[in-house]
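Hello,

Here is the structure I promised to pass on. Please open it first, then read my notes below.

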Amino acid sequence: MKLPRVMYSFYEHRLRRALTPDELPHHVGVLVDGNRRWARQFGASAEEGHRAGARKIVEFLRWCDELEIQVVTLYVLSTENLNRPPEELSALLQIITNLTRELQDEGICRIQAVGALATLPPQLQEQLASSARSTAGNPGPHLNIAVGYGGRQEIVDAVREVFEDAASRGESLERTAEALSIEDISAHLYTRGQPDPDLLIRTSGEQRLSGFLMWQSAYSEFYFCEALWPDFRRVDFLRALRDYARRQRRFGG
């Protein structure tokens, strides 16, 4: 029993040593997928799966802190997820509320909620706002918690804000449409002012983005992992980073 554990630790250490700081991504996005499937394997409830997923998020952020990853975006609740059965949704929202409190207490990151936050229950909105305020000066990664998030909705909201800002300046609809640029939309995204993700990881074996960071991921590298999110290990993360380090990024060129 001990030999495999020793070999595993040695392999993990070797992976880590092979990664140099200049090879690591500045911004990592993760679709934390597979909580419910993980729970079903053990005959457990969806709520227990989501709790296991929340524990993994805390662990994952410690890894990112150790590796000095600057920005992390985690897709924890989509706009479609808001249509789940009321009992499951209520439990999931409470788990997210508790997660933000735990991260706030851990003090290992700066928290920012990204999404259509007005669609969330007031208690969760208040907790997200409180966590953002209290962690603003923390060291460690800047954490975007994508909650009540939809990539299409983000783009719609950004375009709407562009036109609202133009209207407040007295500009005509025609003039605003004519002058609209990529930079205008980027400046009104939920993640405005942040670097686009270098690497997007999805767990659970699914190979699609499900609307995650649709605008920002135009030139991101993608990595799909078979492990369900609660089973995602540090060695899995290091493998994803090794794979990223071996790629040649072209940015459309």
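**Notes on the model**

S210 is partly exposed, with a relative accessible area of 37%. Here buried means under 20% relative accessible area, exposed means over 50%, and partly exposed is in between (1.4 Å probe, protein chains only). This is a predicted model: local features need pLDDT of at least 70, side-chain atom pairs count only at pLDDT 80 or more, and totals for chains, interfaces and linings use all residues. Residues are numbered from 1 along each chain as its sequence is written, and side-chain values use heavy atoms, with hydrogens and water left out.

**Backbone**

S210 sits in the loop between β5 and β6. Helices (H or I, at least four residues) and strands (E, at least two) are DSSP runs, numbered from the N terminus. The phi of S210 is near 50°, a positive value in a residue other than glycine. L213 also lies in the loop between β5 and β6. Its phi is positive too, at about 50°, and L213 is not a glycine. L213 counts as buried, at 1% relative accessibility.

**Salt bridges**

Side chains of opposite charge can pair when their charged atoms come close. The rule used here takes a side-chain nitrogen of Lys or Arg within 4 Å of a carboxyl oxygen of Asp or Glu. By that rule the count is 20 salt bridges.

Start with D33 and R202. Their side chains meet in a salt bridge at 3.0 Å, N to O. D33 lies in the loop between β1 (27-31) and α2 (35-41), and R202 in strand β5 (residues 199-202), so the pair ties together parts that are 169 residues apart in sequence. R202 is buried, with a relative accessible area of 6%.

Next, D198 and R249. This salt bridge spans 2.8 Å, N to O. It links distant parts of the chain: D198 is in the loop between α8 (182-186) and β5, R249 is in the segment after α9 (234-246), and they are 51 residues apart. D198 is buried at 12% relative accessible area. R249 is partly exposed at 22%.

Then look at D236 and R239. The closest N and O atoms of this salt bridge are 3.7 Å apart. Both residues are in helix α9, and being 3 residues apart, they are separated by about one helical turn. D236 counts as buried, at 6% relative accessibility. R239 is partly exposed, with a relative accessible area of 28%.

Salt bridges also share partners. In this way D33, R37, R202, E206 and R208 are joined into one network.

**Aromatic pairs**

A pair of aromatic rings is described by the distance of the centres and the angle of the planes. Rings of Phe, Tyr and Trp (its six-membered ring) pair if their centres lie within 6.5 Å; planes under 30 degrees apart count as stacked, over 60 as edge-to-face and the rest as tilted. The count comes to 13 aromatic pairs.

One of them is F60 with F232, a tilted pair at 6.3 Å centre to centre, with 55° between the planes. This pair links distant parts of the chain: F60 is in helix α3 (residues 46-67), F232 is in the loop between β6 (221-224) and α9, and they are 172 residues apart. Both F60 and F232 are buried. Ring pairs link F60, W63, W229, F232 and F237 into a cluster.

Best wishes
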